[in-house]
Amino acid sequence: MKVLVTGGAGYIGSHTTLSLLEDGHDVVVLDNLCNSNAESLRRVEELAGRTVEFRQIDLLDVVGLDAVLAEFRFDAVIHFAGLKAVGESVAKPLLYYQNNVVGTLNLLHGMERAGVRTIVFSSSATVYGASDQVPLNESAPLDASNPYGRTKEQIEDILSDLGAADPRWRIALLRYFNPAGAHASGRIGEDPQGMPNNLLPFVAQVAVGRRDKVTVFGADYPTPDGTGIRDYIHVMDLAAGHIAALGFLNSRCGVFRWNLGTGRGSSVMEVIAAFGEAAGHKVKHEFADRRPGDAAISYADPAAALADLGWSAHRTLAQMCEDHWRWQRKNPFGYSKAV
Ligand code: NAD
Ligand code: WQD
């Protein structure tokens, strides 16, 4: 297939682009590089031994978007492009609604004009809000608790309405749990700009000496060790989930929702310990108050993805930490210092 990957220079997009190339698909990446570095794509090309067409275009640039959709005859779009920092979305809601919701509307209008009606969308477990009803399956009520999460919920609504209005559309809404890890080569990985928002990249930066210690948000949750539990999923398992979803849409029209998680939860302390094992030294931490808005426990019921797509996550927390560490050790300052 010929696939347009929006946000393909970013963390999950670059790993998925590599998997698509290895699976024999042709890929064009569209990204404005607002949270990424084109070096990721150079390395994807090197790993795959194949080229990736890259267009530095913003989803808010309708003319540029139309030009890319007219230049190639795409079979499908995988739509990763978006802003994803929860705290920033609370401070700058208009930026998030503009970039994520308007950007997606522009993309969908452009796809319709170009006659491309297959899309795999990066949604998030954040649409379930701070529900502690675990495991979460796809019919759990949606209740996003911040502007970032509400952009995901709104885009899910837009895509569901579109699929209902025009049965030619083929739409997959993939609700990722907590992506972690890196490609096993250590050549590509997560490269947060500024202070990491998520646990794994923060732990990795402490382990490599860029930061002093991890702050554990809350040790008084009703969990075995008192710290929050999440469903960490290896980014390469996530990449495989996108390819499985594309394959499914090949033979089916409609709107489909799948959780992409492992179905297993790990606590913050288990993650810190596993990362210490991978790095060969303990990762320093301190306890602090809970972070507002956090659920105690969140993990997926991934049964629907297994039943419909034949997909499940195989990699363990230990592998995620080993691969994340290999990337961080080889690229202590991410891509920027390498170019
Ligand atoms: P990322 O920031 O590494 O990648 C997103 C990419 O989109 C970046 O390369 C950025 O430059 C690009 N982008 C943003 N706005 C754009 C615009 N207007 N036009 C063109 N390009 C634009 O993030 P990621 O972790 O790879 O996440 C990918 C997708 O998955 C996002 O939609 C995110 O919301 C979603 N998601 C991420 C997580 C996570 O924890 N990483 C969890 C659930 C869902
Ligand atoms: C995981 C656990 C924290 C950092 C977020 C978004 C969600 C999705 C994934 C995009 C929690 C604890 C964290 C730290 C800590 N992203 N923690 N110290 O909150 O489950 O989900 O990322 O869609 O939308 O909300 O992930 O990695 O921030 O936190 O103790 O420095 O680690 O309290 O228990 P979260 P996270």
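**Helix packing and ligand surroundings in a predicted model**

The crossing of helices H9 and H11 is right-handed. In this structure, which is a predicted model, helix H9 spans residues 268–279 and helix H11 spans residues 317–330, and the two pack with their axes 8 Å apart at an angle of about 55°. H9 and H11 are therefore oblique to each other.

The axes of helix H5, which covers residues 93–114, and of H6 come within 9 Å and cross at roughly 20°. Because angles under 35 degrees count as roughly parallel, this crossing makes H5 roughly parallel to H6. In passing H6, helix H5 makes a right-handed crossing. For H1 and H2, the packing angle is about 25° and the axes are 10 Å apart, so that H1 and H2 are likewise described as roughly parallel to each other. The crossing in which H1 passes H2 is also right-handed.

A total of 25 residues surround ligand 1, and the closest of them are Asp31, Asn35, Ser36, Phe80 and Tyr148. By class, the shell around ligand 1 consists of eleven nonpolar, ten polar and four charged residues. Ser36, one of the closest residues, places a polar side-chain atom 2.6 Å from an oxygen atom of ligand 1. Backbone atoms also take part in polar contacts with ligand 1: a polar backbone atom of Gly10 is 3.3 Å from an oxygen atom of the ligand, and a polar backbone atom of Leu59 is 3.0 Å from a nitrogen atom of the ligand. Taken alone, ligand 1 exposes 820 Å², of which the protein buries 96%. Helix H1 (11–22), strand E5 (118–124) and helix H6 (147–165) are the elements that give two or more residues to the shell around ligand 1. Among these elements, E5 gives the most, with three residues.

Ligand 2 has 17 residues around it, and those that come nearest are Tyr148, Leu199, Thr215, Arg230 and Asp294. A polar side-chain atom of Tyr148 lies 2.4 Å from an oxygen atom of ligand 2. The side chain of Arg230 likewise has an N or O atom 2.6 Å from an oxygen atom of ligand 2, and for the side chain of Ser124 the corresponding distance between an N or O atom and an oxygen atom of the ligand is 2.8 Å. On its own, ligand 2 has 690 Å² of accessible area, and the protein covers 88% of this area. Strand E8, comprising residues 214–217, supplies the largest share of the shell around ligand 2, namely three residues. The shell around ligand 2 is made up of seven nonpolar, seven polar and three charged residues.

The peptide bond that joins Val134 and Pro135 is cis, with an omega of about -5°, and Pro135 lies in the loop between E5 and H6. Both E5 and H6 are also among the elements that give two or more residues to the shell around ligand 1. Leu33, although it is not a glycine, has a positive phi of about 60°, and this residue is found in the loop between strand E2 (26–31) and helix H2 (39–48).

Methods. Residues numbered from 1 in each chain as written. Chains lettered and ligands numbered in written order. Predicted model: local features only at pLDDT ≥ 70, side-chain atom pairs only at ≥ 80, totals over all residues. Heavy atoms only, no water. Near = heavy atom within 4 Å. Polar contact = N/O pair within 3.5 Å; in protein donor to acceptor, adjacent residues only side chain to side chain. Areas by Shrake-Rupley, 256 points an atom, 1.4 Å probe, with all protein chains shown as cover. Helix = DSSP H or I, 4+ residues; strand = E, 2+ residues; numbered from the N terminus. Nonpolar A, V, L, I, M, F, W, Y, C, P; charged D, E, K, R; others polar. Axes fitted to C-alpha atoms, helices over the stretch in contact; angles between N-to-C directions. Parallel < 35°, antiparallel > 145°, perpendicular 65-115°, else oblique. Left-handed = near helix turned anticlockwise from the far one by under 90°.
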